[in-house]
Amino acid sequence: MKIAVLPGDGIGPEIVEQAVLVLNALGESFEMETAPVGGAGYEAHGHPLPEGTLKLAKEADAILFGAVGDWKYDTLERALRPEQAILGLRKNLNLFANLRPAILYPELAGASTLKPEVVSGLDILIIRELTGDVYFGQPRGVRECPDGPFKGQREGFDTMRYAEGEIRRIAHVAFQAAQKRDKRLTSVDKANVLETFQFWKEIVIDVHREYPDVALDHMYVDNAAMQLVRAPKKFDVMVTGNLFGDILSDCAAMLTGSIGMLPSASLDANNKGLYEPSHGSAPDIAGKGVANPLATILSAAMMLRYSLNKPQQADRIEAAVKKVLAQGLRTPDIFEAGMRKVGTREMGAAVLQALV
Ligand code: NAD
């Protein structure tokens, strides 16, 4: 199995290094090849997603991605900015399903802004459709308003749309992910107001017939946002469109209070995927050896579970992460009094040691 390793910029190389060490310690024979991406791609080849990097990503069975971006590239034209690499990879590899777990280990319950009893032990998975919806729907633009009380004025408009096949494929990903967990799926929509999401609901119900072992329920997005903050632990897997998923997944991430802990995956129809921490390249702490590598290490665990079909190896990594937290090791972003403050390398080494 071939893994494309794309460390990127800022803290990317530091945190990816630790995840690679953990992957190498599993006793599997992964072939890993590294290539520059983002600002590093621009420096090396004049483009954030150099041809060789895209070729490697296409050939590989999975991609381990660090993070891209640095303020020094802010003046570049948009097409050459580091963040374009992510969009380019998503588009070229057809990565339409974004999986964002929000897990709050009981040891870190104090990091959340919510009461510990509401969030401690939280373990939910948000699945966001990534390539459709109002973000990409045509037509869009600014035009002369054709009707209504503001007729003749300028108006901005976008188009919300989802094709049946788009809904079916994300629904399959969601049902299959639920099968690997607690077998409960909540489809989030706005079927009471939007035609697009009335249709979404109809198709999700139809796909459900192939997954009778999964319990499906439906929730309007406004209620889902409220329930995420009121009683997040009652969810298992949530699936929704691009716009609602963008908002809800960030909301869920913040329930945990620690961005350095959250992995993510973006999958295609064959479960090939790009795995990356939910955070960015953190230029403010790059090179200081203090970045939390756990989100990236946990992204590697997701890669083993979803793309490489090695769930036991994923379990080993996740158990090792739990163990080091229970031992009281903390990088500065999750540090609390009474714990042992460690840097990136020490945290990675502790996870390696805790692997059984
Ligand atoms: P960021 O996530 O990089 O950082 C936000 C804050 O969280 C910073 O204070 C940072 O130090 C901290 N942080 C992030 N990851 C951490 C970790 N692993 N350990 C400890 N602390 C951590 O977001 P930002 O500052 O808004 O963006 C910085 C750059 O990253 C920008 O160029 C942005 O475009 C880019 N970005 C990239 C991605 C990506 O590669 N997928 C995602 C978001 C932002």
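**Chatting through loops, helices and the ligand**

Visitor: Where is Asn309 found?
Guide: Asn309 is in the loop between α10 (294-306) and α11 (311-326). Helices here are DSSP runs of H or I with at least four residues, strands are E runs of at least two, and both are numbered from the N terminus.

Visitor: What sort of model is this?
Guide: This is a predicted model, where local features need pLDDT of at least 70, side-chain atom pairs count only at pLDDT 80 or more, and totals for chains, interfaces and linings use all residues. Residues are numbered from 1 along each chain as its sequence is written, and side-chain values use heavy atoms, with hydrogens and water left out.

Visitor: Which loop holds Lys183?
Guide: Lys183 is in the loop between α6 and β8 (184-189). Lys183 has a positive phi too, about 60 degrees, although it is not a glycine. With a relative accessible area of 34%, Lys183 is partly exposed.

Visitor: And what about α6 itself, how many residues does it have?
Guide: Helix α6 (residues 164-179) has 16 residues. From first C-alpha to last, α6 reaches 22 Å, close to the 22 Å expected at 1.5 Å a residue; that expected span is 1.5 Å times one less than the number of residues. Among the buried residues of α6 are Ile167, Ile170, Val173 and Phe175.

Visitor: Which residues of α8 are buried?
Guide: In α8 (residues 221-230), they are Val221, Ala224, Gln227 and Leu228. They sit on the same side of α8 because they cover an arc of only 115 degrees around the axis, taken from the directions from the helix axis to the C-beta atoms. An α-helix has 3.6 residues a turn, so residues three or four places apart point the same way. On the other side of α8, Met226 and Arg230 are exposed.

Visitor: Is Phe96 buried or exposed?
Guide: Phe96 is buried, at 1% relative accessibility. Phe96 lies in the loop between α4 (84-93) and β4 (97-103). Phe96 and Arg169 are 73 residues apart in sequence, yet their C-alphas are 8.7 Å apart in space.

Visitor: Where's the cis peptide bond?
Guide: That bond runs from Gln138 to Pro139, with omega near 0 degrees. Pro139 is in the loop between β5 (123-129) and β6 (141-144).

Visitor: Switching to the ligand: which residues come nearest?
Guide: Val68, Glu83, Gly280, Ala282 and Asp284 do, out of the 19 residues around the ligand. A residue counts as near if one of its heavy atoms lies within 4 Å. The shell divides into eight nonpolar, six polar and five charged residues.

Visitor: What lies 3.2 Å from a ligand nitrogen atom?
Guide: A polar side-chain atom of Glu276 does. An oxygen atom of the ligand is 2.9 Å from a polar backbone atom of Val68, and a backbone N or O atom of Ala282 lies 2.8 Å from an oxygen atom of the ligand.

Visitor: How much of the ligand does the protein cover?
Guide: The protein covers 68% of the 800 Å² of accessible area that the ligand has on its own; accessible areas come from the Shrake-Rupley method with a 1.4 Å probe.

Technical notes:
Polar contact = N/O pair within 3.5 Å; in protein donor to acceptor, adjacent residues only side chain to side chain. Nonpolar A, V, L, I, M, F, W, Y, C, P; charged D, E, K, R; others polar. Buried < 20%, exposed > 50% of the residue type's maximum accessible area, 1.4 Å probe, protein only.
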